[in-house]
Amino acid sequence: MAGIHITDIESAINWWRERAPSPDGISLAAELKKLAEIYALMVYFRETECDEDTLPAAARAAWLAWYDTTPDTPCIAICSTSQGDDHCKGCGRTFDEVQLWPEMTPGEKRATWRRITIESSAWRFNRYAERAAERKGQPAEAPTAAIAATANQVQTDRG
């Protein structure tokens, strides 16, 4: 039983707002109504997650349509769990998460994505950020401060 974080509901709402904008500024598409209802209940009850398994069918379908547009795996093809690490240095997933990824539910995968993004310690977020961006089909970003600092240190050591 995985929880869908409120930020994923927000992302799905925003994705649907772009896909099905309101024609009159008041009415909402059916998918937006269902997601907005879940979002409103989460805010009202001060919940940060909703249960993936008990999400109403229409809201789940709308969320899954957004989910299908997200990258499936955080893998950047540098897997240190195959070398015996408990956490992959490349993507940040645990050994079990790497092994069980194909069997995980969308909610479980998003929870893993959320954790590794918050931690931001995996190479996909620093050393190999360009590779991660390319795998997502996005242009490579500028190196992070850590990469720049490492480059400066190497340059200082050389000269």
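A: What follows starts with one lysine and then widens to the core, the cysteines and the chain.

This is a predicted model, in which local features need pLDDT of at least 70 and side-chain atom pairs count only at pLDDT 80 or more, while totals for chains, interfaces and linings use all residues. Residues are numbered from 1 along each chain as its sequence is written, and side-chain values use heavy atoms, with hydrogens and water left out.

Lys109 sits in helix H5, which covers residues 106–119. Helices (H or I, at least four residues) and strands (E, at least two) are DSSP runs, numbered from the N terminus. With a relative accessible area of 10%, Lys109 is buried. Here buried means under 20% relative accessible area, exposed means over 50%, and partly exposed lies in between, using a 1.4 Å probe and protein chains only. The side chain of Lys109 has a polar contact, at 3.1 Å, with the side chain of Asp72. Such a contact is a pair of N or O atoms within 3.5 Å; within protein, one must be able to donate a hydrogen and the other to accept it, and residues adjacent in sequence count only if both atoms are side-chain atoms. Apart from neighbours within four places in sequence, Lys109 is in contact (heavy atoms within 4.5 Å) with Tyr67, Asp72, Trp101 and Met104.

Next comes the core. The largest nonpolar core has 19 residues, and Ile9, Leu35, Ile38, Cys50 and Trp63 touch the most other members. A nonpolar core is a set of buried Ala, Val, Leu, Ile, Met, Phe, Trp, Tyr and Cys residues joined through side-chain atoms within 4.5 Å. Helices H1 (6–19), H2 (30–44) and H3 (57–67) each supply at least two residues of this core; H1 gives the most, with six residues. Not counting residues up to four places away in sequence, Trp63 touches Ile4, Asp8, Ile9, Ala12, Leu35, Pro106, Gly107 and Arg110.

Now the cysteines. A disulfide is a covalent bond between the sulfur atoms of two cysteines. The rule used here asks for a pair of cysteine sulfur atoms within 2.5 Å, and the count comes to zero disulfides. The sulfur of Cys88 is too far for a bond because the closest cysteine sulfur, in Cys91, is 3.9 Å away. For Cys75 the closest cysteine sulfur is also in Cys91, at 6.0 Å, again too far for a bond. Cys88 is buried at 5% relative accessible area, whereas Cys75 is partly exposed at 24%.

Overall, the chain has seven helices and two strands. Of its 159 residues, 32% are buried.
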